[in-house]
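Morning, everyone. Have a look first.

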Amino acid sequence: MLFSVLAGPDWRDAALIPAPLGDPKHVQLRELRIAMHTDNGIAAPDAAVRQAVVDAAAALEAGGARVESKKPDALSDVLTIDADIFRADGGAWLRRLLDLAGTTDPGAEVAASLVSEPLSSGELTAAVERLDAWRGRMLGFMKDVDAIVCPPCVLEALPHDAWVEHGVYAGFSYSFAYNMTGWPAVVVRAGTSSRGTPVGVQIIGRPFREDVVLALAGHIERELGGYRAPAI
(Lines give C-alpha, C1' and ligand atoms only; values in the text may rest on other atoms or scores of the structure.)
Protein backbone atom coordinates (compact mmCIF):
# COMPACT_ATOMS: atom_id res chain seq x y z
CA MET A 1 0.00 0.00 0.00
CA LEU A 2 2.91 2.33 0.69
CA PHE A 3 4.86 1.46 -2.44
CA SER A 4 3.43 4.21 -4.64
CA VAL A 5 4.11 6.74 -1.87
CA LEU A 6 7.70 5.63 -1.30
CA ALA A 7 8.64 5.29 -4.98
CA GLY A 8 10.12 8.13 -7.02
CA PRO A 9 12.77 10.87 -6.69
CA ASP A 10 13.36 12.33 -3.23
CA TRP A 11 16.19 14.70 -4.28
CA ARG A 12 18.49 13.08 -1.72
CA ASP A 13 19.37 9.66 -3.17
CA ALA A 14 21.77 10.29 -6.06
CA ALA A 15 21.45 6.68 -7.25
CA LEU A 16 17.69 6.86 -7.73
CA ILE A 17 16.44 6.55 -11.32
CA PRO A 18 13.08 8.19 -12.14
CA ALA A 19 11.75 5.11 -13.92
CA PRO A 20 8.01 4.88 -14.68
CA LEU A 21 6.06 3.12 -11.93
CA GLY A 22 3.71 0.44 -13.23
CA ASP A 23 0.48 -0.63 -11.55
CA PRO A 24 0.35 -4.32 -10.49
CA LYS A 25 -3.40 -4.31 -11.23
CA HIS A 26 -2.65 -3.89 -14.92
CA VAL A 27 -0.31 -6.88 -15.18
CA GLN A 28 -1.76 -9.81 -17.15
CA LEU A 29 -0.47 -13.22 -16.06
CA ARG A 30 -1.19 -14.79 -19.44
CA GLU A 31 1.36 -12.44 -21.02
CA LEU A 32 4.20 -13.41 -18.67
CA ARG A 33 7.05 -15.89 -19.11
CA ILE A 34 8.28 -17.32 -15.82
CA ALA A 35 11.54 -19.18 -15.16
CA MET A 36 11.52 -21.35 -12.06
CA HIS A 37 14.17 -23.40 -10.28
CA THR A 38 14.22 -25.21 -6.96
CA ASP A 39 18.02 -25.60 -6.83
CA ASN A 40 20.58 -23.02 -7.99
CA GLY A 41 23.35 -25.62 -8.15
CA ILE A 42 25.19 -24.10 -5.17
CA ALA A 43 23.17 -25.27 -2.15
CA ALA A 44 20.21 -27.65 -2.10
CA PRO A 45 17.08 -26.42 -0.26
CA ASP A 46 14.98 -28.31 2.25
CA ALA A 47 12.13 -30.38 0.83
CA ALA A 48 9.49 -27.95 2.11
CA VAL A 49 11.24 -25.04 0.39
CA ARG A 50 11.42 -26.91 -2.92
CA GLN A 51 7.76 -27.86 -2.67
CA ALA A 52 6.72 -24.27 -2.02
CA VAL A 53 8.45 -23.19 -5.24
CA VAL A 54 6.77 -25.99 -7.20
CA ASP A 55 3.38 -25.03 -5.77
CA ALA A 56 3.90 -21.35 -6.51
CA ALA A 57 4.94 -22.07 -10.10
CA ALA A 58 1.88 -24.31 -10.54
CA ALA A 59 -0.38 -21.53 -9.23
CA LEU A 60 1.10 -19.05 -11.73
CA GLU A 61 0.76 -21.53 -14.58
CA ALA A 62 -2.87 -22.17 -13.64
CA GLY A 63 -3.38 -18.41 -13.79
CA GLY A 64 -2.19 -18.33 -17.39
CA ALA A 65 1.53 -17.62 -17.12
CA ARG A 66 4.01 -19.66 -19.17
CA VAL A 67 6.36 -21.43 -16.76
CA GLU A 68 9.64 -23.11 -17.70
CA SER A 69 12.21 -24.84 -15.48
CA LYS A 70 15.53 -23.03 -15.99
CA LYS A 71 17.97 -20.73 -14.20
CA PRO A 72 20.71 -18.23 -15.15
CA ASP A 73 24.02 -19.97 -15.90
CA ALA A 74 25.82 -17.03 -14.25
CA LEU A 75 24.52 -18.13 -10.82
CA SER A 76 27.39 -20.63 -10.69
CA ASP A 77 29.82 -17.73 -10.14
CA VAL A 78 27.84 -15.82 -7.53
CA LEU A 79 29.83 -16.94 -4.47
CA THR A 80 33.14 -15.85 -5.96
CA ILE A 81 31.80 -12.53 -7.21
CA ASP A 82 30.16 -11.77 -3.86
CA ALA A 83 33.20 -12.77 -1.79
CA ASP A 84 35.50 -10.48 -3.82
CA ILE A 85 33.36 -7.41 -3.18
CA PHE A 86 32.40 -8.28 0.40
CA ARG A 87 36.01 -8.63 1.57
CA ALA A 88 37.53 -5.93 -0.66
CA ASP A 89 38.46 -3.52 2.14
CA GLY A 90 39.29 -6.16 4.74
CA GLY A 91 36.08 -5.53 6.68
CA ALA A 92 36.58 -1.76 7.18
CA TRP A 93 33.05 -0.99 5.99
CA LEU A 94 31.71 -3.58 8.44
CA ARG A 95 33.67 -2.05 11.33
CA ARG A 96 32.15 1.35 10.53
CA LEU A 97 28.68 -0.20 10.52
CA LEU A 98 29.29 -1.88 13.87
CA ASP A 99 30.58 1.39 15.33
CA LEU A 100 27.48 3.25 14.16
CA ALA A 101 25.28 0.60 15.78
CA GLY A 102 27.30 0.63 19.00
CA THR A 103 28.11 -3.08 18.66
CA THR A 104 31.26 -4.07 20.54
CA ASP A 105 30.80 -7.86 20.57
CA PRO A 106 29.72 -9.09 17.10
CA GLY A 107 28.72 -12.67 16.43
CA ALA A 108 31.14 -15.30 15.14
CA GLU A 109 30.24 -14.92 11.45
CA VAL A 110 30.60 -11.13 11.54
CA ALA A 111 33.84 -11.33 13.55
CA ALA A 112 35.29 -13.69 10.96
CA SER A 113 34.62 -11.09 8.26
CA LEU A 114 36.68 -8.49 10.12
CA VAL A 115 40.00 -10.27 9.75
CA SER A 116 40.20 -10.77 5.99
CA GLU A 117 43.07 -9.22 4.06
CA PRO A 118 42.04 -6.23 1.93
CA LEU A 119 42.46 -6.38 -1.83
CA SER A 120 45.06 -4.27 -3.57
CA SER A 121 43.79 -1.42 -5.75
CA GLY A 122 44.45 -3.51 -8.85
CA GLU A 123 42.62 -6.50 -7.40
CA LEU A 124 39.68 -4.28 -6.47
CA THR A 125 39.26 -2.81 -9.94
CA ALA A 126 39.45 -6.32 -11.40
CA ALA A 127 36.75 -7.48 -8.96
CA VAL A 128 34.48 -4.60 -9.99
CA GLU A 129 35.03 -5.47 -13.64
CA ARG A 130 34.05 -9.07 -12.94
CA LEU A 131 30.92 -7.89 -11.12
CA ASP A 132 29.89 -5.70 -14.05
CA ALA A 133 30.45 -8.54 -16.52
CA TRP A 134 28.48 -10.92 -14.27
CA ARG A 135 25.56 -8.50 -14.09
CA GLY A 136 25.55 -8.36 -17.88
CA ARG A 137 25.38 -12.14 -18.09
CA MET A 138 22.51 -12.21 -15.61
CA LEU A 139 20.65 -9.52 -17.55
CA GLY A 140 21.05 -11.53 -20.75
CA PHE A 141 19.03 -14.33 -19.16
CA MET A 142 16.09 -11.96 -18.64
CA LYS A 143 15.84 -11.16 -22.36
CA ASP A 144 13.31 -13.96 -22.79
CA VAL A 145 11.95 -14.07 -19.22
CA ASP A 146 9.69 -11.66 -17.33
CA ALA A 147 10.31 -13.08 -13.86
CA ILE A 148 12.06 -15.81 -11.88
CA VAL A 149 10.50 -17.90 -9.10
CA CYS A 150 12.93 -19.68 -6.78
CA PRO A 151 13.75 -20.29 -3.09
CA PRO A 152 14.78 -17.34 -0.93
CA CYS A 153 17.07 -19.58 1.15
CA VAL A 154 17.80 -23.28 1.62
CA LEU A 155 16.23 -23.53 5.08
CA GLU A 156 12.59 -23.36 6.11
CA ALA A 157 13.69 -21.15 9.00
CA LEU A 158 17.14 -20.37 10.35
CA PRO A 159 17.55 -21.27 14.03
CA HIS A 160 18.82 -18.44 16.23
CA ASP A 161 22.63 -18.24 16.55
CA ALA A 162 23.06 -20.99 13.99
CA TRP A 163 24.56 -19.16 10.99
CA VAL A 164 28.01 -20.72 11.28
CA GLU A 165 26.78 -24.10 12.51
CA HIS A 166 24.51 -24.57 9.50
CA GLY A 167 26.95 -23.10 6.99
CA VAL A 168 24.17 -21.16 5.32
CA TYR A 169 26.26 -18.48 3.63
CA ALA A 170 25.94 -20.45 0.40
CA GLY A 171 22.29 -21.09 1.25
CA PHE A 172 21.54 -17.38 1.06
CA SER A 173 23.02 -17.18 -2.44
CA TYR A 174 19.42 -17.47 -3.65
CA SER A 175 18.70 -13.98 -2.34
CA PHE A 176 22.02 -12.12 -2.41
CA ALA A 177 22.49 -13.03 -6.07
CA TYR A 178 19.59 -10.72 -6.88
CA ASN A 179 20.71 -8.10 -4.37
CA MET A 180 23.83 -7.95 -6.53
CA THR A 181 21.83 -7.41 -9.73
CA GLY A 182 19.74 -4.64 -8.18
CA TRP A 183 16.53 -6.06 -9.67
CA PRO A 184 13.20 -5.91 -7.83
CA ALA A 185 12.41 -8.97 -5.75
CA VAL A 186 9.91 -10.02 -3.10
CA VAL A 187 9.46 -13.01 -0.80
CA VAL A 188 5.93 -14.22 -0.15
CA ARG A 189 4.47 -17.12 1.80
CA ALA A 190 3.66 -20.10 -0.39
CA GLY A 191 3.42 -23.00 2.06
CA THR A 192 3.69 -24.28 5.59
CA SER A 193 6.32 -26.59 7.05
CA SER A 194 5.59 -29.71 9.07
CA ARG A 195 6.27 -27.59 12.16
CA GLY A 196 3.61 -25.08 11.18
CA THR A 197 6.05 -22.34 10.22
CA PRO A 198 5.62 -20.32 7.00
CA VAL A 199 7.66 -21.24 3.93
CA GLY A 200 8.31 -18.51 1.39
CA VAL A 201 9.22 -18.27 -2.26
CA GLN A 202 11.17 -15.51 -3.97
CA ILE A 203 9.99 -13.68 -7.07
CA ILE A 204 12.47 -11.61 -9.10
CA GLY A 205 11.57 -9.29 -11.96
CA ARG A 206 13.30 -7.36 -14.69
CA PRO A 207 14.85 -4.00 -13.80
CA PHE A 208 12.19 -1.47 -12.75
CA ARG A 209 9.32 -3.96 -13.10
CA GLU A 210 8.14 -3.90 -9.52
CA ASP A 211 4.61 -4.04 -10.88
CA VAL A 212 5.21 -7.53 -12.27
CA VAL A 213 6.84 -8.76 -9.06
CA LEU A 214 4.01 -7.46 -6.89
CA ALA A 215 1.34 -8.85 -9.22
CA LEU A 216 2.88 -12.32 -9.12
CA ALA A 217 3.27 -12.16 -5.33
CA GLY A 218 -0.36 -11.16 -4.97
CA HIS A 219 -1.52 -14.04 -7.14
CA ILE A 220 0.54 -16.57 -5.18
CA GLU A 221 -0.83 -15.22 -1.88
CA ARG A 222 -4.40 -15.46 -3.07
CA GLU A 223 -4.00 -18.96 -4.48
CA LEU A 224 -1.89 -20.50 -1.70
CA GLY A 225 -3.36 -18.98 1.42
CA GLY A 226 -1.05 -16.07 2.15
CA TYR A 227 -0.56 -14.84 5.70
CA ARG A 228 -1.89 -16.96 8.51
CA ALA A 229 -1.79 -15.87 12.13
CA PRO A 230 0.44 -18.20 14.19
CA ALA A 231 -0.92 -20.14 17.12
CA ILE A 232 0.02 -18.42 20.38
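How many bridges join strand β1 to β3, and do they run parallel or antiparallel? Three bridges, and the two strands run parallel. β1 covers residues 33–36, and β3 covers residues 147–150. Within that pairing, Ala-35 has Ile-148 of β3 as its bridge partner.

A word on the source. This is a predicted model, where local features need pLDDT of at least 70, side-chain atom pairs count only at pLDDT 80 or more, and totals for chains, interfaces and linings use all residues. Residues are numbered from 1 along each chain as its sequence is written, and side-chain values use heavy atoms, with hydrogens and water left out.

Terms, quickly. Strands are DSSP runs of E, at least two residues, numbered from the N terminus. Two strands pair if DSSP finds at least two bridges between them.

Now the other partner. β3 pairs with strand β5, residues 198–205, in the antiparallel sense over four bridges. There, Cys-150 sits opposite Gln-202 of β5.

Next, the side chains of β3. Ala-147 and Val-149 point one way, Ile-148 and Cys-150 the other. All of them are buried, meaning under 20% relative accessible area with a 1.4 Å probe, protein chains only. In a regular strand, side chains alternate between the two faces of the sheet.

Last, the cysteines. Cys-150 is buried at 0% relative accessible area, and Cys-153 is buried at 8%.

How values were computed:
Buried means under 20% relative accessible area, exposed over 50%, partly exposed in between (1.4 Å probe, protein chains only).
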